[in-house]
Amino acid sequence: MKLGEGVEAAIHCAATLASVEGNSTMPGAALAESFGLSPSYLLKHLNMLTAARILESVPGPAGGYRLAKPAERITLLDIVLAIEGREPAFRCGEIRRNGPVKLDASAYVKPCGINAAMLKAERAYRAALAETRLSDIVATYQAEGDPRSLAASCAFVERHQRPQKSDPNSQPRERTRQ
């Protein structure tokens, strides 16, 4: 199975946004710069994450993106499904019925064994992604990442995050340090 490059970008951006303080945001252009990506390419994926309610988009000159909920409540499966869609990676076209010998539908009452095996693998893959939270990824990076990489990531976030005015109706997010 091959996932699109947007999945990697989306997970990295979400992990970076997990370290933004409180209700601060980070501009999409800064996220694109951080990973050497085209801003227009990344914007498409940030919009998908926003539509899936993984990110919030804050408009205006001091706007940008932030996590819509705590990193502990975002799984890798949430991000993959936001970018790749909910359809299974393997979609059986029942090509076993397309050959030169046309059989009655009653010859195919049992499900296709190939489809069953592929869907079983898909369930296992999705279960593994559902078990891994964004906060787990960030915590592993903090514990095992090269100190130079950690320092550079923290400095980048500090330099590019945009504090937001307090909204008395909003609850501050817990900060996860990357």
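This is a predicted model: local features need pLDDT of at least 70, side-chain atom pairs count only at pLDDT 80 or more; totals for chains, interfaces and linings use all residues.

Modeller: Begin with the order of the elements.

Biologist: What radius of gyration does the protein chain have, and what would a compact globule have?

Modeller: The radius is compared with a rule for globules. For 178 residues a compact globule would have a radius near 16 Å, whereas the protein chain has 21 Å. Along the principal axes, the C-alpha atoms fill a box of roughly 70 × 35 × 35 Å.

Biologist: How many of the residues of the protein chain count as buried?

Modeller: Buried means under 20% relative accessible area. Of the 178 residues, 36% count as buried. The protein chain exposes about 10700 Å², and 56% of that area is supplied by carbon and sulfur atoms.

Biologist: Which residues of helix α2 are buried?

Modeller: In α2, residues 28–35, the buried ones are G28, A30, L31 and A32. Their cover includes the helices α1 (5–17), α3 (39–51) and α7 (147–160), along with strand β2 (64–67).

Biologist: Which residue follows α2, and what is its phi?

Modeller: G36 follows α2, and the phi of G36 is positive, near 65 degrees.

Biologist: What share of the contacts in the protein chain join residues at least 24 apart?

Modeller: Take the contacts between residues at least 6 apart in sequence: 73% of these join residues at least 24 apart.

Biologist: How many positive and negative charges are there, and how far apart are their mean positions?

Modeller: The protein chain has 23 positive and 19 negative charges, with mean positions 5 Å apart.

Notes. Residues are numbered from 1 along each chain as its sequence is written. Side-chain values use heavy atoms; hydrogens and water are left out. The radius of gyration is taken over C-alpha atoms; the globule rule is 2.2 Å times the number of residues to the power 0.38. Buried means under 20% relative accessible area, exposed over 50%, partly exposed in between (1.4 Å probe, protein chains only). Contact means heavy atoms within 4.5 Å. Accessible areas come from the Shrake-Rupley method with a 1.4 Å probe; for residues, only the protein chains shown count as cover. Lys and Arg count as positive and Asp and Glu as negative; His and the chain ends are not counted. The place of a charge is taken as NZ of Lys, CZ of Arg, CG of Asp or CD of Glu. Helices (H or I, at least four residues) and strands (E, at least two) are DSSP runs, numbered from the N terminus.
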